[in-house]
Amino acid sequence: MAMEEIRERYELAMERIRAMKQEKTVSAPFYAYFQKMADFILEMDAYRASVEKGEPERLSLAELQEQNRRLYGDVAGGAYRESYANPTGAVEKLGEGYGQLLSFVYTELRGMIIWAVEGRLTDMTVTAELFIELYNAFEEDTPSVENLKEILYWHMSDYCDVFIPDRIREQLDPSLDFAAKLIRGADLSDPRYLYRFGEYITENELGVSRFLAGLSQSEIDAMASTFTEGYRMGFVAAGIDLSKKKTVNIRYALGFERVVKAAIGQFEAMGLESIIYREARHSINRRPQGSPGYVSSKPSKQYEFDHREDMALYLDKKLNERRLSVLHSAYEEYKELAAVHAGPAVMEIFGEHPFMPESCPAALRLDAKQQEIMVTYNSEAGQLVNRYIPGDQRSFTIIAWPIPEIGDNYEEIFREIVKINNLDYHLYQGIQQKLIDALDQGEYVYVKGAGANRTEMYVQLWQPENPAKEAIFENCVADVNIPVGEVFTSPKLTGTHGTLHVSQVYLNELKYMDLEIRFEDGKITSYSCKNFDDETENQKLLKANVLFNHETLPLGEFAIGTNTTAYMVAKRYDIGAKLPILIAEKMGPHFAVGDTCYSWSEDNPVYNPDGKEIIARDNECSLLRKTDVSKAYFNCHTDITIPYDELDCIRVVRPDGSRIPLIEKGRFVLPGTEELNKPFDGM
């Protein structure tokens with residue numbers, strides 16, 4: 001759409017919304033809703049104009065904080081309970097059906113905050129026009145919920161050929177440089193720069209920024225180098241030519257801009273331009289389990305949880321086919337950019353108070369048919385991505401840093417994590433080779449929990465045909481997956497069975513209590529947790545956020561973590577429940593449900609440092625790619641770790657039935673691995 005046309009439509013929309021403030025043509029209880037939303041849109045119009053003039057850059061820190069509280073106050077903390085954004089509150093005020101629908105609309109409208117900051121007039125215009133169309137429907141008489149759903153359906157259908165291509169371009173085109181330009185040009189010693197992103201800013205973002213501002217440039221460069229060098233080494237280890245790539249996507253949390261700025265420079269030295277985009281705002285681009293992009297603290301995690309499946313309001317098979325068609329066209333349009341994209345470099349954060357979601361019966365939820373549609377979409381979208389950005393030609397890296405919410409010892413903990421991220425990988429490489437030498441002799445691995453932990457797993461292993469040249473476990477040090485400390489394999493599904501149980505675990509930003517998953521022939525047969533009193537709610541929670549709406553998932557990975565130093569730090573500061581899976585998976589055995597670690601790149605030979613090829617890159621599901629790729633991949637991978645203090649033993653069982661103990665009573669007992677127990681001895 002031509003910008004001149006959009007600006008004209010935008011001005012007409014704002015004029016119409018200003019007129020609403022003088023009208024009383026909508027009856028109660030909807031009048032109050034439309035008046036409040038009109039106020040919000042007009043505030044966004046004023047905010048956009050002030051950004052265009054550069055006014056926020058001249059405000060004091062206190063003034064920016066007050067503005068930020070005003071922008072997000074309606075959904076922050078306890079205020080969310082009374083907000084129209086809360087489906088329960090909206091239903092109470094507006095009635096069943098109407099409440100869910102208009103709560104959804106408010107959530108879409110709230111995207112205007114960041115569209116105003118970025119000057120995305122098209123997004124602001126079409127969303128304001130949707131609001132006007134709905135308002136008009138209420139002017140003469142209260143429309144039916146079905147009529148309102150139809151308006152929303154056609155809005156999404158009509159504009160998905162704008163929203164989806166824009167999202168793909170954000171992910172591939174370095175000329176869309178809002179964040180990168182801000183990071184390069186801002187005075188990062190002045191925390192006011194944080195408010196220029198338009199995101200919700202808390203003491204987490206301010207605290208991180210202040211802490212990093214106090215570090216020397218050499219310390220910042222070293223932190224960034226751990227990250228960027230891990231990325232580069234991922235390409236070396238996989239035998240992929242990085243020189244053919246031109247872009248890298250940096251994903252991070254606000255506050256870490258000094259490290260990101262250094263990383264941008266280091267990536268440039270590798271020939272890579274950095275692409276930095278934020279989480280998606282349009283529901284048609286959001287994923288129920290979270291969307292990639294840079295982030296800040298959430299005003300309300302319950303708000304995010306309640307709206308994670310908003311697509312349920314309009315998703316059907318016809319629209320899904322349109323989404324896939326538009327996605328294909330978008331990748332075809334940007335195929336040259338896709339061909340030179342190297343993959344993501346991710347900085348995770350941890351330390352937030354574990355979030356236990358409340359059940360919200362009024363929230364929109366995908367029904368069984370829609371869940372199937374989403375599974376189909378994710379499968380076909382995954383195949384499209386692999387066609388334009390082949391898995392065997394891209395890589396990634398991921399690292400994690402704490403935020404102030406972790407506790408009073410934040411700076412001390414941060415420095416400990418820096419040390420963990422830079423542990424001597426040569427030491428671990430040698431110790432882990434001892435574990436691999438033992439594991440490669442096994443027919444299966446036996447894992448048993450201790451005390452109240454009910455885990456009892458039998459993990460079937462692939463058999464190397466030439467043990468002198470082949471291995472079944474990868475010796476994972478610290479390249480794509482920082483910090484150091486695990487050996488992992490793709491298990492053989494046939495014969496793998498048992499129960500996986502953990503007392504509590506934090507997965508995909510949600511805390512699960514008493515999680516139990518049962519496997520037969522390597523696939524999930526049942527699952528449960530104790531988050532809610534209602535078992536049906538527990539089942540829905542797990543299916544949506546662990547199984548990603550699949551009926552079952554295979555065991556894609558089995559690993560043994562060796563980073564006892566990280567475990568000791570977690571114990572010392574009592575932060576085990578707050579650690580991200582990236583670190584937690586190195587602190588005990590872990591099991592991943594979903595795809596293998598070699599997803600989409602199984603045919604790329606991978607070698608351990610001793611020169612042996614890792615042959616366990618496939619399982620019986622991924623092998624189906626050779627006959628029907630739609631059945632081979634699940635487009636998810638969730639690691640679940642058993643901490644050492646919930647672990648009784650890990651034993652390798654040879655084909656003749658003899659056993660090699662690796663861990664007994666939570667301690668390493670295999671000769672050559674005793675060094676890993678030293679952190680325990682100091683506890």
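R659 lies in strand β18; helices (H or I, at least four residues) and strands (E, at least two) are DSSP runs, numbered from the N terminus. The model is a predicted one, in which local features need pLDDT of at least 70, side-chain atom pairs count only at pLDDT 80 or more, and totals for chains, interfaces and linings use all residues. Residues are numbered from 1 along each chain as its sequence is written, and side-chain values use heavy atoms, with hydrogens and water left out.

With a relative accessibility of 42%, R659 counts as partly exposed. On this scale, buried means under 20% relative accessible area, exposed means over 50%, and partly exposed is in between (1.4 Å probe, protein chains only). Apart from neighbours within four places in sequence, R659 is in contact with Y444, Y446, R651, V652, V653 and R654, where contact means heavy atoms within 4.5 Å. R659 and Q441 are 218 residues apart in sequence, while their C-alpha atoms are 9.8 Å apart in space.

Another group of strands forms a sheet. Five strands make up this open sheet, in the order β8-β9-β13-β14-β16, with antiparallel pairing. At its edges are β8 (474-476) and β16 (637-641), each of which pairs on one side only. From one strand to the next, the twist averages 25°. Strand β14 (residues 589-594) is joined to β16 by 5 bridges, and the two run antiparallel. Within this pairing, V593 has T638 of β16 as its bridge partner.

Helix α18 (residues 425-439) lies across β8, β9 (486-489) and β13 (555-561), and it runs at about 160° to β8. Axes are lines fitted to C-alpha atoms, for helices over the stretch in contact, and angles run from 0 to 180 degrees between N-to-C directions.

The structure holds 0 disulfides, a disulfide being a pair of cysteine sulfur atoms within 2.5 Å. C476 is in no disulfide, and the nearest cysteine sulfur, that of C597, is 8.3 Å away. C476 is buried, with a relative accessible area of 6%. C649 is also buried, at 0% relative accessible area.

How many cavities of 30 Å³ or more does a search of the whole structure find? The search finds 7. On a 1 Å grid over the protein atoms alone, a cavity is a set of points where a 1.4 Å probe fits but cannot get out, and lining residues have an atom within 4 Å of a point. Grid points are joined across faces, edges and corners, and a volume is the space filled by probe spheres set on the points.

The largest cavity has a volume of about 120 Å³. Its lining consists of 14 residues, of which R120, E170, A280, R281 and H282 lie nearest the centre. Both α6 (112-118) and α8 (145-172) supply at least two residues of the lining of the largest cavity. The largest share of that lining, 4 residues, comes from α8.

Conventions:
Two strands pair if DSSP finds at least two bridges between them. On a 1 Å grid over the protein atoms alone, a cavity is a set of points where a 1.4 Å probe fits but cannot get out, and a pocket is an open set with protein on both sides within 12 Å along at least five of seven lines; lining residues have an atom within 4 Å of a point.
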